[in-house]
Amino acid sequence: MGCCSARCMLVLLCCLQLVTALERQVFDFLGYQWAPILINFIHIIMVILGLFGTIQYRSRYVVMYLLWMLLWLGWNVFVSCLYLDLGGLSKDSDILSLGVSSHHSWWKDNGPVCESDGIPSTGWQNQQNPELTTVLSCWLEYQYIEILHCVVQLLISLPGFVFACYVASTFSDEEDSYYK
């Protein structure tokens, strides 16, 4: 296996996908977003199988990884559209929690450099729940953090798809020549 061969690059991309998927899985668990947890879990399994197929010269596993990448790309586009409120989707819906709970993205309450602006005026202090009126100012809003996760996955998955196509075709050619 050469240093910069397609097989080596696919191994590297699979390892990057595993790291980023595990990071994403942790934050989805913190936010109780059940649909992304399930999809990320399947993604982690498929990437491990693709990694195994690449290392062990198993074209069927690489093809399975390849087909999963198409679904994974579609999932990340869907999540991006959801958080951007495109196509009739709304980030305030309970699609990602599968309607089981009213939980939302962990980043919504715990974004980077989020500060409470406090209660805007003294009239708000007479309210029964003044914490509901507290406004958070964040360096980056939560929906953009979620979209950033999707973009990172897309940027890793697209080259992974291309390299998987090439590796699967070279493995198939080697299998064909082996059986002749």
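Accessible areas here come from the Shrake-Rupley method with a 1.4 Å probe, and for residues only the protein chains shown count as cover. This is a predicted model, in which local features need pLDDT of at least 70, side-chain atom pairs count only at pLDDT 80 or more, and totals for chains, interfaces and linings use all residues. Residues are numbered from 1 along each chain as its sequence is written, and side-chain values use heavy atoms, without hydrogens and water.

**View 1. The whole protein and its surface.** The accessible surface comes to about 10,600 Å², and carbon and sulfur atoms hold 66% of it. Of the 180 residues, 35% are buried (under 20% relative accessible area; exposed is over 50%, partly exposed in between; 1.4 Å probe, protein chains only).

**View 2. The order of the elements.** Let's walk along the chain: the pattern reads α-α-α-β-β-α, with 4 helices and 2 strands (DSSP runs numbered from the N terminus: H or I of at least four residues for helices, E of at least two for strands).

**View 3. Helix 1 from end to end.** After helix 1 comes Tyr32, with a positive phi near 55°.

View 4. Cys14 is buried at 0% relative accessible area, while Cys8 is partly exposed at 21%. The closest cysteine sulfur to that of Cys14 belongs to Cys15, 7.0 Å away and so too far for a bond. With a disulfide taken as a pair of cysteine sulfur atoms within 2.5 Å, the count is 0.
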